[in-house]
Amino acid sequence: MSKKSYNRGRKMLSRCHISAQQACDLSNEADCLGEGFWITLVSDDLARVENILLCGLGVGDIIRVRSGDIDKEEHPNEFVELVERKSNVVVMQFTLHGYDSLPDKFPSDARAFIEILKHLDIKCEAMMPGLMAIQYPLDIS
């Protein structure tokens, strides 16, 4: 996808990547994983994050990106730096009783809880079984 797609007036998602070292630097953690994620380009080198990441980036955060090197098999966009944080992100472990027996059906009480969080502008994104990222507004402690 051309980086000029942001001029077309419609939301165009693109892939981006953050390295393990960059993720550790952002999250102040000693052991991190690199992540691929979705962005919407807003200019040649700025993008809006479109999902929640383990390293603490969240939906709406503005980041600087650079074009990935095809010869190095990089993503089309590579993370450079955080420009503006729009929210806080925490990662938590969870257990859903009964989920092991019906893994394709999210329990109704868990769905109801997530709906309550949405009304508070709190977003949740499952990262892997038993691990969830929670994004909440900067003004909530």
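D121 sits in the loop that links α2 (108-119) to β7 (123-128). The model here is a predicted one, and in it D121 shows a positive phi of about 60° even though D121 is not a glycine. As for solvent, D121 has a relative accessibility of 44% and therefore counts as partly exposed, since that class runs between 20% and 50%.

A positive phi turns up at N28 too. Its value is near 55°, again in a residue other than glycine. N28 belongs to the loop between α1 (20-27) and β2 (35-41). With a relative accessibility of 70%, N28 counts as exposed, because the cut-off for that label is over 50%.

Then there is D61, found in the loop running from β3 (46-49) to β4 (62-67). D61 has a relative accessible area of 0%, so this aspartate is buried; the label applies to anything under 20%.

What does D61 touch, leaving aside residues up to four places away in sequence? The list takes in A47, R48 and V49, along with G56. It also holds L82, E84, R85, K86 and S87. Of these, A47, R48 and V49 fall within the span of β3 (46-49).

Technical notes
Residues numbered from 1 in each chain as written. Predicted model: local features only at pLDDT ≥ 70, side-chain atom pairs only at ≥ 80, totals over all residues. Heavy atoms only, no water. Helix = DSSP H or I, 4+ residues; strand = E, 2+ residues; numbered from the N terminus. Buried < 20%, exposed > 50% of the residue type's maximum accessible area, 1.4 Å probe, protein only. Contact = heavy atoms within 4.5 Å.
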